[in-house]
Amino acid sequence: MCGIIGYFGKEEALPILVNGLEALEYRGYDSAGVAVFLEGEVKVKKSVGKVEILKKSLKNNFCSGSHLGIGHTRWATHGIPNKSNAHPHSDCQGRIFVVHNGIIENYKELKSYLQKQGHNFKSETDTEVVPHLIENFLNSGKDFDIALFDTLRMIKGAYALVIIDKENPKILYAARLSSPLVIGVGKNENFLASDPSALIGKTKNVVYLNDGEIAKISQNDINIINLKKKKTPYEIVHLGWDLEQAQKGDFPHFMLKEIFEGPEVVRAAFRGRIKSKENLVKLGGLEKVADQLKEVKRLLILACGTSYYAGLVGEYLFEEISRLPTETHFASEFRYRDEPFDKNTAVIAISQSGETADTLAAIQKAKKHGLMTLGIVNTVGSTVARETDAGVYNHAGPEIGVASTKAFLSQLTVLIMMAVYLSKNKNSSKKLLEELEKIPKKIEIILAQSAKLEKLAEKYKNYKNFLFLGRRYNYPVALEGALKLKEISYIHAEGYGAGEMKHGPIAMITENFPTMAIIPQNSVSEKMISNLEEIKARKGPIFAITTEENKEISSLTKDIFYIPKTIEPLEPLLTIVPLQLFAYYIGTKKGFDVDKPRNLAKSVTVE
Ligand code: F6R
């Protein structure tokens, strides 16, 4: 998705903008551009491809001395990736410069109206209507603030906008509707960004804009007003993220670094929250709804992608540990269903970014029906965190690799703790919490054997299709393992519940169609063995993720990766790690940029 950066302050603007754009690169983009104000002029530079190309084009002291500017990485929606479609976009006079994330749904009618008024468009984008609309209102004699308000009222869709008005370089304008935008608060400087991770190393204090808010930012001042022109108060949120967390360090890729952060991510999620000796889980973020939670009879988990698969594990956890009927839905499907609701149902929305458009829409729908909404969110202060009634933060630190890895582990850890928190029979949880405390060490044991996975990745890397099989808690792990392989290596992979295999997918099995079997010794491993026998009988290669206790597997395959034993509800915290590494090694061996897989965006802020 597109990325936005804006700067107004004491420092040289351009290096800060380029730096911010580089920090946003992980979101996925195809072109980039900047506009900087200097001595009464705004200079624009755009390029197609990597920010590196833009950077090269900015040599010869391009606009040095500027303290005000905006930048953008574009992920094409309307019009191909080329220089004219890259942002910033401007009006006919070259007075107004705009960067935009989101989609302006009524841009066609606005464009044809403006063209009839004599406006000359230079791009195929929806964004370009914004500077022309403002210009149109300015032409009719309105001042800039009113022209901006009137423009925002005419736009339908989603926007995060940052705007420079050349005639008033004392203010940087920003506006938000359904597309994230955050103000970074500094000393004699302020920033704007579509994603707080672009501000790491610059400031830890941020203000999240709400829908329908307009910010007027100067070097030392922030003013926020709503569409009714009323000044609105704002809260400064402190992000605990450090610069090292947003750097690769000695790792070749963020994805590998983040997989290796697994043990610490699990510890960070449960630190200060569990006391295994007292069977106690303390989740401060749920305290204010603790009484209401006692009345909850059913849970609905809503999320997308990897967060959805964590939610599927949650379904098993809440049913077994909390004894609460639970269903997990894709947020994108939930938002259009027409199901009856019971007021004793609570919704749990899971989101790493806290900005996923479908998840947000699902939360809105749940709220409309009077349901209590809880969030499991990694990004502090993000929209999901603010829109839900209560919630639990992951504390996983920024996840930069586009494919989610460490967030999955922290989401599982939070779900386990929530399941104990909601359980009426806390006594049965002692063992579970004790085992959870041992998980980080067990993940370390897996990571220490990564060379074995690399070897197996070499052996398997040329297959064109994979089937991932698991049962019970490891069924969602099979789905997530397949998703990781697809995203990172572009190999077709399907995850299935092993029992379903013979109802269809078995037709695909040949000696060229390997199966990744997730089969630790547990209550369903016997059943899995029978399923794998069926695969072996059809000459399908098998790669098993298992525990030493499973003796039968060695008669089915030589390709075995052993993980430490744990109790069944906690198995996904271990079984997913080798699958993440397997996807990583196959992707890198095939020469792909695993941190920025093609066509994918880190935070999916459009429907
Ligand atoms: C997969 C992946 C995506 C996200 C999904 C939801 O590796 O990263 O499937 O999990 O887009 O994102 P969040 O959790 O930010 O709502």
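**Figure 1. Glu261 sits in the loop between helix H6 (254–260) and helix H7 (262–270).** The model shown here and in the other views is predicted. Is Glu261 buried or exposed? Its relative accessibility is 18%, so Glu261 counts as buried; the cut-off for buried is under 20%. Set aside the neighbours within four places in sequence, and Glu261 is in contact with Ala396 and Lys406.

**Figure 2. His395 has a positive phi, near 60°, and is not a glycine.** Find His395 in the loop between strand E21 (390–393) and H13. Helix H13 covers residues 406–421. His395 counts as partly exposed because its relative accessibility is 42%.

**Figure 3. Lys539 is another residue other than glycine with a positive phi, here about 65°.** Lys539 belongs to the loop between helix H17 (525–537) and strand E25 (542–546). With a relative accessible area of 63%, Lys539 is exposed. The cut-off for exposed is over 50%.

**Figure 4. A cis peptide bond runs from His87 to Pro88.** Omega of this bond is near 0°. Where is Pro88? Pro88 lies in the loop between strand E4 (68–74) and strand E5 (89–90).

**Figure 5. Asn188 occupies the loop between strand E9 (182–185) and strand E10 (189–193).** Asn188 has a relative accessible area of 39%, so this residue is partly exposed. Which residues does Asn188 contact, leaving aside its neighbours within four places in sequence? They are Gly9, Lys10, Gln219 and Asn220. Now look from Asn188 to Ala349, 161 residues apart along the chain. Their C-alpha atoms are separated by 37 Å.

**Figure 6. Lys297, Lys343, Lys424 and Lys426 form a positive surface patch.** Lys426 is found in the loop between helix H13 (406–421) and helix H14 (430–447). Its relative accessibility is 32%, and therefore Lys426 counts as partly exposed.

**Figure 7. A salt bridge joins Lys55 and Glu22.** How many salt bridges does the structure hold? The count is 32. In the pair shown, the closest N and O atoms are 2.9 Å apart. Lys55 is partly exposed at 38% relative accessibility. Glu22 is also partly exposed, at 25%.

**Figure 8. Asp145 and Lys216 meet through their side chains in a salt bridge.** The distance from N to O is 2.5 Å. Why does this pair tie together parts that are 71 residues apart in sequence? Because Asp145 lies in helix H5 (residues 144–154), while Lys216 lies in strand E12 (residues 213–217). Asp145 counts as partly exposed, at 22% relative accessibility.

**Figure 9. Asp150 and Arg153 form a salt bridge within helix H5.** Their closest N and O atoms are 3.0 Å apart. Asp150 counts as buried, at 13% relative accessibility. Arg153, in contrast, is partly exposed, with a relative accessible area of 47%. Elsewhere, salt bridges that share partners build one network from Glu264, Arg267, Arg271, Lys441 and Glu444.

Terms used:
Residues are numbered from 1 along each chain as its sequence is written. This is a predicted model: local features need pLDDT of at least 70, side-chain atom pairs count only at pLDDT 80 or more; totals for chains, interfaces and linings use all residues. Side-chain values use heavy atoms; hydrogens and water are left out. Patches are made of residues with over 30% relative accessible area and no salt bridge: like charges are joined within 9 Å, nonpolar side chains (Val, Leu, Ile, Met, Phe, Trp, Tyr) within 5 Å. Accessible areas come from the Shrake-Rupley method with a 1.4 Å probe; for residues, only the protein chains shown count as cover. A salt bridge is a side-chain nitrogen of Lys or Arg within 4 Å of a carboxyl oxygen of Asp or Glu. Lys and Arg count as positive and Asp and Glu as negative; His and the chain ends are not counted. The place of a charge is taken as NZ of Lys, CZ of Arg, CG of Asp or CD of Glu. Helices (H or I, at least four residues) and strands (E, at least two) are DSSP runs, numbered from the N terminus. Buried means under 20% relative accessible area, exposed over 50%, partly exposed in between (1.4 Å probe, protein chains only). Contact means heavy atoms within 4.5 Å.
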